[in-house]
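Here are some friendly notes to read with the model open beside you. Take the points one at a time and find each residue as you go.

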Amino acid sequence: MRAQDLRVGATGRVIVLDFDGVLLDTERTGIEVWRGLLRDSSLEPLGTLSVRPDGTLDRDTLRRGLTGALGRRRTRVLWSEFERRNRARADLLDARAGVRPFLAHCRERGHRLAIASGNCRDWVEGHLGRLGIRSAFHSVHCAGPGVRTKPAPDTYLGALRACAPAGPAAGLLAVEDSYAGLAAADAAGLPAVWLTDAPRSAVPPGPVARRVRALDELIGSL
């Protein structure tokens, strides 16, 4: 799909967005929190952070490394401290640059927005409410019991059922920052925009409609 193909359908698109990394810059701050925690705990040699080319933290690799070095109990304690610090940092964040102009444009053009997140509902809904942007979204779909996290397409399929219950809508689009998210959107049949600061040499796991660094770069195409 070429960038100019994003113009299909003047109004009434269904656009499904990831949350972490797209609306709120929690991927970057989460890495910063882990680095500080490992440093404060004198665990830097044991907890080398593996950051993927898409800028997301490989938490499974980190957890395995810490569990092998510290055991499960100490790893759980450390992980709980990360969650506490990360929540405190995230609660200070505003929406990413370009988010509010993008949401205003979509409202003016009559696009229907939804969220497909691999995070839990209380995290996503809490931040949407705190930022004052919950009303911009028709529905919110999160991983949880019976809903697999990305790269499974479950959250995207839920968003499509909610936003286009009569069947496929014109101008479907996903916006993702992670490899796992891009794969989930593709599995659900949605063309995707990759929102990323990754170098041009970074190759996504499949075709993307466009690469942008901020959501408002899409305004001229929607």
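Which side chain is joined to that of Ser-139 by a polar contact of 2.7 Å?

1. The partner is the side chain of His-141. A polar contact is a pair of N or O atoms within 3.5 Å; within protein, one must be able to donate a hydrogen and the other to accept it, and residues adjacent in sequence count only if both atoms are side-chain atoms. Before going on, please note that this is a predicted model, in which local features need pLDDT of at least 70 and side-chain atom pairs count only at pLDDT 80 or more, while totals for chains, interfaces and linings use all residues. Residues are numbered from 1 along each chain as its sequence is written, and side-chain values use heavy atoms, with hydrogens and water left out.

2. Ser-139 belongs to strand 3 (residues 139-142). Helices (H or I, at least four residues) and strands (E, at least two) are DSSP runs, numbered from the N terminus. Ser-139 and His-141 point one way from this strand, whereas Val-140 and Cys-142 point the other way. Ser-139 is buried because its relative accessibility is 10%, where buried means under 20% relative accessible area, exposed over 50%, and partly exposed in between (1.4 Å probe, protein chains only). Leaving aside neighbours within four places in sequence, Ser-139 has contacts (heavy atoms within 4.5 Å) that include Leu-113, Arg-134 and Cys-163.

3. Now look at the strand alongside. Strand 2 (residues 112-117) runs parallel to strand 3, and four bridges join them; two strands pair if DSSP finds at least two bridges between them. In one of these strands, strand 3, Ser-139 is the bridge partner of Ala-114. With helix 5 (residues 121-131), strands 2 and 3 make a right-handed β-α-β unit. Right-handed means that, with the strands pointing away from the viewer, the path from the first strand over the helix to the second runs clockwise.

4. How many aromatic pairs are there? The count is four, using rings of Phe, Tyr and Trp (its six-membered ring) with centres within 6.5 Å; planes under 30 degrees apart count as stacked, over 60 as edge-to-face and the rest as tilted. One of them is Trp-34 with Trp-79, edge-to-face at 4.7 Å centre to centre and 65° between the planes. Trp-34 is in helix 1 (residues 26-40) and Trp-79 in helix 3 (residues 72-90), so this pair ties together parts 45 residues apart in sequence.

5. Trp-79 and Phe-82 are about one helical turn apart because three residues separate their places in helix 3. Trp-34, Trp-79 and Phe-82 form one aromatic cluster. Trp-34 is buried at 0% relative accessibility, and Trp-79 at 6%. The charged end of Arg-63 sits over the ring of Trp-79, 3.9 Å from its centre; this requires NZ of Lys or CZ of Arg within 6 Å of the ring centre and within 35 degrees of the ring normal.

6. Asn-86 is also in helix 3, and is buried at 5% relative accessibility. Not counting residues up to four places away in sequence, Asn-86 touches Thr-29, Gly-30, Val-33 and Trp-123.

7. Finally, find Asp-25 in the loop between strand 1 (14-17) and helix 1. Its side chain makes a polar contact of 2.8 Å with the side chain of Arg-28. Beyond its neighbours within four places in sequence, Asp-25 is in contact with Leu-93 and Arg-96.
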